[in-house]
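I opened a new model today. These are my notes on what I looked up.

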Amino acid sequence: MNRAIRFERTGGPEVMEWVAHAPGAPGPGEVRVRHHAVGVNFIDTYHRGGLYPVPLPSGLGSEAAGVVETVGEGVTQLRAGDRVAYAGGPLGAYAESRVMPAAPLLKLPDGIGFDTAAAMMLKGLTAQYLLRQTFVVQPGQTILLHAAAGGVGLIAAQWARALGATVIGTVGSDDKAELARAHGCAHVINYRRENVVEHVREITGGRGVPVVYDGVGKDTFFASLDCLAPRGLLVSYGNASGAVPPFALLELSNRGSLYVTRPTLVHYTATRDALEAAAAELFDAVASGAVRIEIAQRYPLADAAIAHADLQARRTTGSIVLDV
Ligand SMILES: NC(=O)c1ccc[n+]([C@@H]2O[C@H](COP(=O)([O-])OP(=O)(O)OC[C@H]3O[C@@H](n4cnc5c(N)ncnc54)[C@H](OP(=O)(O)O)[C@@H]3O)[C@@H](O)[C@H]2O)c1
(Lines give C-alpha, C1' and ligand atoms only; values in the text may rest on other atoms or scores of the structure.)
Protein backbone atom coordinates (compact mmCIF):
# COMPACT_ATOMS: atom_id res chain seq x y z
CA MET A 1 0.00 0.00 0.00
CA ASN A 2 1.22 3.49 -0.88
CA ARG A 3 0.42 6.74 0.82
CA ALA A 4 -0.57 10.15 -0.49
CA ILE A 5 -1.83 13.53 0.63
CA ARG A 6 -5.53 14.18 0.02
CA PHE A 7 -8.02 16.82 1.07
CA GLU A 8 -11.78 16.54 1.37
CA ARG A 9 -12.59 20.21 2.05
CA THR A 10 -10.80 23.47 1.34
CA GLY A 11 -9.06 25.31 4.15
CA GLY A 12 -5.69 25.82 5.82
CA PRO A 13 -2.85 23.30 5.79
CA GLU A 14 -4.74 21.25 8.42
CA VAL A 15 -7.13 19.92 5.74
CA MET A 16 -4.27 17.94 4.19
CA GLU A 17 -4.47 14.27 5.20
CA TRP A 18 -1.82 11.55 4.84
CA VAL A 19 -3.84 8.57 3.71
CA ALA A 20 -3.47 5.06 2.28
CA HIS A 21 -3.64 5.13 -1.48
CA ALA A 22 -3.73 2.37 -4.10
CA PRO A 23 -2.67 3.80 -7.47
CA GLY A 24 -3.82 0.74 -9.45
CA ALA A 25 -2.85 -0.11 -13.01
CA PRO A 26 -2.48 2.49 -15.77
CA GLY A 27 -5.26 2.66 -18.36
CA PRO A 28 -4.80 3.57 -22.06
CA GLY A 29 -2.45 6.54 -22.45
CA GLU A 30 -1.44 6.41 -18.78
CA VAL A 31 1.62 5.38 -16.81
CA ARG A 32 2.34 4.51 -13.19
CA VAL A 33 5.22 6.55 -11.76
CA ARG A 34 7.10 5.90 -8.53
CA HIS A 35 8.06 9.31 -7.20
CA HIS A 36 11.50 10.00 -5.77
CA ALA A 37 10.97 13.70 -5.06
CA VAL A 38 7.95 16.02 -5.17
CA GLY A 39 7.91 19.79 -5.71
CA VAL A 40 5.83 22.25 -3.69
CA ASN A 41 4.43 25.31 -5.47
CA PHE A 42 2.39 28.27 -4.37
CA ILE A 43 -0.42 27.11 -6.68
CA ASP A 44 -0.84 24.05 -4.42
CA THR A 45 -1.98 26.42 -1.66
CA TYR A 46 -4.57 28.00 -4.01
CA HIS A 47 -5.99 24.53 -4.76
CA ARG A 48 -6.00 23.54 -1.08
CA GLY A 49 -7.43 26.89 0.04
CA GLY A 50 -10.15 27.17 -2.62
CA LEU A 51 -8.89 30.19 -4.60
CA TYR A 52 -8.63 27.82 -7.59
CA PRO A 53 -11.60 25.47 -7.09
CA VAL A 54 -11.12 21.73 -7.78
CA PRO A 55 -13.59 18.84 -7.46
CA LEU A 56 -13.31 17.26 -3.97
CA PRO A 57 -12.01 15.05 -2.53
CA SER A 58 -8.76 15.57 -4.39
CA GLY A 59 -5.07 14.81 -4.45
CA LEU A 60 -2.66 17.74 -4.44
CA GLY A 61 0.48 18.82 -6.27
CA SER A 62 1.53 19.21 -9.90
CA GLU A 63 5.30 18.60 -9.92
CA ALA A 64 7.42 15.52 -9.25
CA ALA A 65 10.24 13.32 -10.51
CA GLY A 66 10.63 9.56 -10.42
CA VAL A 67 10.72 6.33 -12.39
CA VAL A 68 8.11 4.83 -14.69
CA GLU A 69 6.89 1.52 -13.23
CA THR A 70 4.35 0.39 -15.85
CA VAL A 71 2.89 1.85 -19.01
CA GLY A 72 -0.68 1.50 -20.23
CA GLU A 73 -1.93 0.61 -23.68
CA GLY A 74 -0.85 2.97 -26.47
CA VAL A 75 2.04 4.56 -24.59
CA THR A 76 4.99 4.23 -26.91
CA GLN A 77 7.31 7.07 -25.93
CA LEU A 78 7.98 5.77 -22.39
CA ARG A 79 8.81 2.40 -20.82
CA ALA A 80 9.33 0.91 -17.39
CA GLY A 81 12.56 2.18 -15.84
CA ASP A 82 12.60 5.59 -17.56
CA ARG A 83 13.60 8.53 -15.34
CA VAL A 84 10.91 11.19 -15.74
CA ALA A 85 9.62 14.47 -14.34
CA TYR A 86 6.57 16.64 -14.91
CA ALA A 87 4.86 19.95 -14.20
CA GLY A 88 1.13 19.72 -14.71
CA GLY A 89 -1.43 17.02 -15.38
CA PRO A 90 -4.16 16.13 -12.90
CA LEU A 91 -3.51 17.05 -9.24
CA GLY A 92 -1.91 14.25 -7.22
CA ALA A 93 1.87 14.68 -7.19
CA TYR A 94 1.93 14.53 -3.36
CA ALA A 95 1.99 10.72 -3.48
CA GLU A 96 4.54 7.93 -3.18
CA SER A 97 3.39 6.63 -6.54
CA ARG A 98 0.55 7.45 -8.86
CA VAL A 99 -1.16 6.73 -12.16
CA MET A 100 -1.34 9.67 -14.55
CA PRO A 101 -1.55 10.53 -18.26
CA ALA A 102 1.77 10.05 -20.06
CA ALA A 103 1.36 13.37 -21.93
CA PRO A 104 3.01 15.76 -19.39
CA LEU A 105 5.96 13.44 -18.65
CA LEU A 106 9.43 14.40 -19.84
CA LYS A 107 12.45 12.11 -19.81
CA LEU A 108 15.13 13.49 -17.55
CA PRO A 109 18.59 14.16 -18.97
CA ASP A 110 21.31 12.09 -17.20
CA GLY A 111 22.84 15.12 -15.50
CA ILE A 112 19.65 16.14 -13.70
CA GLY A 113 18.83 14.26 -10.50
CA PHE A 114 15.35 13.63 -9.11
CA ASP A 115 15.60 16.28 -6.40
CA THR A 116 16.74 18.97 -8.81
CA ALA A 117 14.02 17.97 -11.27
CA ALA A 118 11.28 18.17 -8.62
CA ALA A 119 12.61 21.59 -7.66
CA MET A 120 12.74 23.03 -11.16
CA MET A 121 10.10 21.69 -13.52
CA LEU A 122 7.10 23.87 -12.72
CA LYS A 123 9.07 26.92 -11.59
CA GLY A 124 11.63 26.61 -14.38
CA LEU A 125 9.08 26.12 -17.17
CA THR A 126 7.30 29.15 -15.77
CA ALA A 127 10.51 31.19 -15.85
CA GLN A 128 11.05 30.00 -19.42
CA TYR A 129 7.70 31.19 -20.75
CA LEU A 130 7.77 34.43 -18.75
CA LEU A 131 11.21 35.51 -19.97
CA ARG A 132 11.29 33.88 -23.39
CA GLN A 133 7.68 33.97 -24.57
CA THR A 134 5.33 36.34 -22.71
CA PHE A 135 7.87 39.14 -22.97
CA VAL A 136 11.11 38.26 -24.73
CA VAL A 137 13.82 39.76 -22.54
CA GLN A 138 16.62 41.42 -24.54
CA PRO A 139 20.22 42.10 -23.55
CA GLY A 140 20.59 45.55 -22.03
CA GLN A 141 17.04 45.81 -20.71
CA THR A 142 16.32 46.55 -17.07
CA ILE A 143 13.42 44.51 -15.69
CA LEU A 144 11.54 44.29 -12.39
CA LEU A 145 10.92 40.89 -10.78
CA HIS A 146 8.87 40.62 -7.57
CA ALA A 147 9.54 37.98 -4.88
CA ALA A 148 12.98 37.48 -6.40
CA ALA A 149 14.16 35.14 -3.61
CA GLY A 150 11.22 32.74 -4.08
CA GLY A 151 11.00 29.55 -6.11
CA VAL A 152 10.22 31.10 -9.50
CA GLY A 153 12.14 34.21 -8.42
CA LEU A 154 15.60 32.69 -7.96
CA ILE A 155 15.36 30.81 -11.25
CA ALA A 156 13.99 33.78 -13.23
CA ALA A 157 16.53 36.22 -11.79
CA GLN A 158 19.48 34.05 -12.82
CA TRP A 159 18.00 33.32 -16.22
CA ALA A 160 17.24 36.98 -16.95
CA ARG A 161 20.80 37.93 -16.01
CA ALA A 162 22.10 35.22 -18.34
CA LEU A 163 19.97 36.77 -21.10
CA GLY A 164 21.84 40.03 -20.54
CA ALA A 165 19.21 41.92 -18.55
CA THR A 166 19.75 44.05 -15.46
CA VAL A 167 17.39 42.60 -12.87
CA ILE A 168 15.76 44.65 -10.13
CA GLY A 169 14.34 42.21 -7.57
CA THR A 170 11.97 42.82 -4.68
CA VAL A 171 12.16 40.77 -1.46
CA GLY A 172 10.62 40.73 2.01
CA SER A 173 13.73 40.56 4.22
CA ASP A 174 17.44 41.39 4.37
CA ASP A 175 18.44 37.71 4.20
CA LYS A 176 16.34 37.31 1.09
CA ALA A 177 17.99 40.43 -0.37
CA GLU A 178 21.41 38.82 -0.05
CA LEU A 179 20.16 35.63 -1.67
CA ALA A 180 18.55 37.53 -4.56
CA ARG A 181 21.80 39.43 -5.15
CA ALA A 182 23.72 36.14 -5.25
CA HIS A 183 21.28 34.84 -7.88
CA GLY A 184 21.29 37.49 -10.55
CA CYS A 185 19.70 40.63 -9.13
CA ALA A 186 21.81 43.74 -9.73
CA HIS A 187 19.47 45.80 -7.50
CA VAL A 188 17.30 44.59 -4.64
CA ILE A 189 14.43 46.45 -2.98
CA ASN A 190 12.95 45.34 0.34
CA TYR A 191 9.30 46.08 -0.42
CA ARG A 192 8.31 45.72 3.23
CA ARG A 193 10.12 48.96 4.08
CA GLU A 194 11.28 50.64 0.86
CA ASN A 195 9.27 52.43 -1.84
CA VAL A 196 9.46 50.27 -4.95
CA VAL A 197 8.31 52.90 -7.45
CA GLU A 198 10.80 55.52 -6.23
CA HIS A 199 13.70 53.07 -6.34
CA VAL A 200 12.82 51.77 -9.80
CA ARG A 201 12.52 55.33 -11.16
CA GLU A 202 15.88 56.19 -9.60
CA ILE A 203 17.62 53.10 -11.01
CA THR A 204 16.19 53.67 -14.51
CA GLY A 205 16.89 57.41 -14.64
CA GLY A 206 13.14 58.14 -14.41
CA ARG A 207 12.19 56.04 -17.45
CA GLY A 208 10.68 52.99 -15.77
CA VAL A 209 11.03 49.41 -16.95
CA PRO A 210 9.63 47.75 -20.10
CA VAL A 211 8.31 44.75 -18.14
CA VAL A 212 7.36 43.83 -14.58
CA TYR A 213 7.01 40.18 -13.57
CA ASP A 214 4.59 40.11 -10.64
CA GLY A 215 3.67 36.88 -8.83
CA VAL A 216 2.68 38.72 -5.65
CA GLY A 217 -0.64 40.05 -7.00
CA LYS A 218 -2.92 42.18 -4.85
CA ASP A 219 -0.30 43.98 -2.73
CA THR A 220 1.98 45.01 -5.61
CA PHE A 221 -0.37 45.48 -8.58
CA PHE A 222 -0.58 49.29 -8.75
CA ALA A 223 3.06 49.82 -7.77
CA SER A 224 3.96 47.46 -10.61
CA LEU A 225 1.98 49.59 -13.08
CA ASP A 226 3.70 52.70 -11.72
CA CYS A 227 7.13 51.18 -12.42
CA LEU A 228 6.48 50.71 -16.15
CA ALA A 229 7.77 52.86 -18.98
CA PRO A 230 5.09 54.03 -21.47
CA ARG A 231 3.69 51.03 -23.39
CA GLY A 232 5.32 48.68 -20.88
CA LEU A 233 3.90 45.25 -19.97
CA LEU A 234 2.80 44.03 -16.56
CA VAL A 235 2.97 40.25 -16.44
CA SER A 236 0.73 39.46 -13.47
CA TYR A 237 1.36 35.74 -13.08
CA GLY A 238 0.39 34.97 -9.49
CA ASN A 239 -1.47 35.86 -6.31
CA ALA A 240 0.84 35.13 -3.36
CA SER A 241 -0.69 38.09 -1.46
CA GLY A 242 -4.22 37.53 -2.84
CA ALA A 243 -5.94 37.86 -6.21
CA VAL A 244 -5.82 41.26 -7.96
CA PRO A 245 -9.29 42.84 -7.67
CA PRO A 246 -11.08 44.30 -10.70
CA PHE A 247 -9.71 47.66 -11.87
CA ALA A 248 -10.62 50.34 -14.44
CA LEU A 249 -8.93 50.06 -17.84
CA LEU A 250 -8.35 53.81 -17.74
CA GLU A 251 -5.65 53.09 -15.13
CA LEU A 252 -3.59 51.71 -18.04
CA SER A 253 -4.19 54.66 -20.32
CA ASN A 254 -3.41 57.23 -17.61
CA ARG A 255 -0.07 55.60 -16.84
CA GLY A 256 1.19 55.46 -20.43
CA SER A 257 -0.81 53.10 -22.69
CA LEU A 258 0.27 50.10 -20.64
CA TYR A 259 -0.37 46.41 -21.28
CA VAL A 260 -1.34 43.76 -18.72
CA THR A 261 -1.39 40.00 -19.20
CA ARG A 262 -2.42 37.31 -16.72
CA PRO A 263 -0.72 34.19 -18.11
CA THR A 264 -0.59 30.63 -16.85
CA LEU A 265 1.82 27.81 -17.65
CA VAL A 266 -0.79 25.40 -18.93
CA HIS A 267 -1.51 27.60 -21.98
CA TYR A 268 2.19 27.87 -22.84
CA THR A 269 2.70 24.09 -22.70
CA ALA A 270 -0.60 23.08 -24.27
CA THR A 271 0.97 21.05 -27.07
CA ARG A 272 3.67 18.41 -26.78
CA ASP A 273 5.92 20.46 -29.11
CA ALA A 274 5.57 23.57 -26.95
CA LEU A 275 6.26 21.58 -23.77
CA GLU A 276 9.33 19.89 -25.25
CA ALA A 277 10.74 23.15 -26.65
CA ALA A 278 10.35 24.94 -23.31
CA ALA A 279 11.80 21.99 -21.39
CA ALA A 280 14.80 21.79 -23.74
CA GLU A 281 15.62 25.44 -23.01
CA LEU A 282 15.20 24.85 -19.29
CA PHE A 283 17.42 21.75 -19.26
CA ASP A 284 20.07 23.69 -21.24
CA ALA A 285 19.92 26.65 -18.86
CA VAL A 286 20.54 24.31 -15.92
CA ALA A 287 23.14 22.11 -17.66
CA SER A 288 25.14 25.16 -18.77
CA GLY A 289 25.25 26.48 -15.20
CA ALA A 290 23.42 29.69 -16.16
CA VAL A 291 20.66 28.69 -13.71
CA ARG A 292 21.43 26.94 -10.40
CA ILE A 293 18.50 25.21 -8.72
CA GLU A 294 18.39 25.99 -5.01
CA ILE A 295 16.57 23.51 -2.78
CA ALA A 296 16.45 25.60 0.37
CA GLN A 297 13.89 23.48 2.25
CA ARG A 298 13.10 19.76 2.41
CA TYR A 299 10.31 17.99 4.29
CA PRO A 300 9.13 14.38 4.39
CA LEU A 301 6.16 13.97 2.03
CA ALA A 302 3.96 13.21 5.04
CA ASP A 303 4.75 16.71 6.39
CA ALA A 304 3.61 18.59 3.28
CA ALA A 305 1.24 20.62 5.48
CA ILE A 306 4.23 22.12 7.31
CA ALA A 307 5.75 23.07 3.97
CA HIS A 308 2.51 24.85 3.03
CA ALA A 309 2.42 26.76 6.31
CA ASP A 310 6.05 27.87 5.88
CA LEU A 311 5.52 28.88 2.24
CA GLN A 312 2.46 30.98 3.02
CA ALA A 313 4.15 32.61 6.02
CA ARG A 314 6.99 33.79 3.71
CA ARG A 315 9.53 31.69 5.63
CA THR A 316 10.90 29.91 2.56
CA THR A 317 13.31 30.81 -0.23
CA GLY A 318 14.06 29.07 -3.53
CA SER A 319 12.48 25.66 -4.08
CA ILE A 320 10.80 23.30 -1.63
CA VAL A 321 11.15 19.53 -2.12
CA LEU A 322 9.20 16.78 -0.39
CA ASP A 323 11.23 13.60 0.17
CA VAL A 324 9.45 10.39 -0.74
N1 LIG B 1 0.96 31.73 -13.77
C2 LIG B 1 1.80 30.71 -13.76
O3 LIG B 1 1.97 30.04 -14.77
C4 LIG B 1 2.56 30.43 -12.51
C5 LIG B 1 3.41 29.32 -12.44
C6 LIG B 1 4.16 29.14 -11.29
C7 LIG B 1 4.05 30.03 -10.22
N8 LIG B 1 3.17 31.05 -10.33
C9 LIG B 1 3.04 32.06 -9.26
O10 LIG B 1 4.32 32.57 -9.01
C11 LIG B 1 4.40 32.99 -7.65
C12 LIG B 1 5.61 32.37 -7.02
O13 LIG B 1 5.40 30.96 -6.89
P14 LIG B 1 6.42 30.07 -6.06
O15 LIG B 1 5.82 28.73 -5.98
O16 LIG B 1 7.77 30.24 -6.64
O17 LIG B 1 6.35 30.75 -4.61
P18 LIG B 1 7.48 31.60 -3.85
O19 LIG B 1 7.84 32.77 -4.70
O20 LIG B 1 8.55 30.70 -3.40
O21 LIG B 1 6.67 32.09 -2.58
C22 LIG B 1 5.88 33.24 -2.65
C23 LIG B 1 6.66 34.48 -2.21
O24 LIG B 1 5.84 35.60 -2.42
C25 LIG B 1 6.21 36.62 -1.53
N26 LIG B 1 5.02 37.21 -0.91
C27 LIG B 1 4.70 38.52 -0.96
N28 LIG B 1 3.59 38.77 -0.28
C29 LIG B 1 3.18 37.59 0.22
C30 LIG B 1 2.08 37.21 1.05
N31 LIG B 1 1.17 38.10 1.49
N32 LIG B 1 1.96 35.91 1.41
C33 LIG B 1 2.84 35.01 0.98
N34 LIG B 1 3.91 35.32 0.19
C35 LIG B 1 4.08 36.60 -0.18
C36 LIG B 1 7.11 35.98 -0.46
O37 LIG B 1 8.44 36.44 -0.68
P38 LIG B 1 8.96 37.76 0.12
O39 LIG B 1 8.95 37.40 1.57
O40 LIG B 1 10.30 37.99 -0.43
O41 LIG B 1 7.97 38.82 -0.20
C42 LIG B 1 6.99 34.50 -0.73
O43 LIG B 1 8.15 33.80 -0.40
C44 LIG B 1 3.07 32.59 -7.01
O45 LIG B 1 2.18 33.67 -7.05
C46 LIG B 1 2.58 31.51 -7.93
O47 LIG B 1 1.20 31.33 -7.89
C48 LIG B 1 2.43 31.28 -11.44
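I count two strands as paired if DSSP finds at least two bridges between them. Helices (H or I, at least four residues) and strands (E, at least two) are DSSP runs, numbered from the N terminus. The model is predicted: local features need pLDDT of at least 70, side-chain atom pairs count only at pLDDT 80 or more, and totals for chains, interfaces and linings use all residues. Residues are numbered from 1 along each chain as its sequence is written, and side-chain values use heavy atoms, with hydrogens and water left out.

**Sheet.** I looked at β1 (residues 2-7) first. Five bridges join β1 to β2 in the antiparallel sense. A4 has V19 in β2 as its bridge partner. The open sheet has three strands, ordered β2-β1-β4, with antiparallel pairing. β2 (17-21) and β4 (58-59) are the edge strands, each pairing on one side only.

**Helices.** I then checked α1 (residues 42-49) against α10 (residues 304-312). Their axes are 10 Å apart, at an angle of about 105°. Axes are lines fitted to C-alpha atoms, for helices over the stretch in contact, and angles run from 0 to 180 degrees between N-to-C directions. So α1 is roughly perpendicular to α10 (65 to 115 degrees). In contact (heavy atoms within 4.5 Å), F42, D44, T45 and R48 of α1 meet H308, L311 and Q312 of α10.

**Ligand.** Which residues are closest to the ligand? I found Y129, K176, Y191, G215 and R314, among 29 residues that surround the ligand (a heavy atom within 4 Å). A ligand oxygen atom is 2.9 Å from a polar backbone atom of F42. For the side chain of Y46, an N or O atom is 2.8 Å from a ligand oxygen atom.

Notes. Angles under 35 degrees count as roughly parallel, over 145 as roughly antiparallel, 65 to 115 as roughly perpendicular and the rest as oblique. A polar contact is a pair of N or O atoms within 3.5 Å; within protein, one must be able to donate a hydrogen and the other to accept it, and residues adjacent in sequence count only if both atoms are side-chain atoms.
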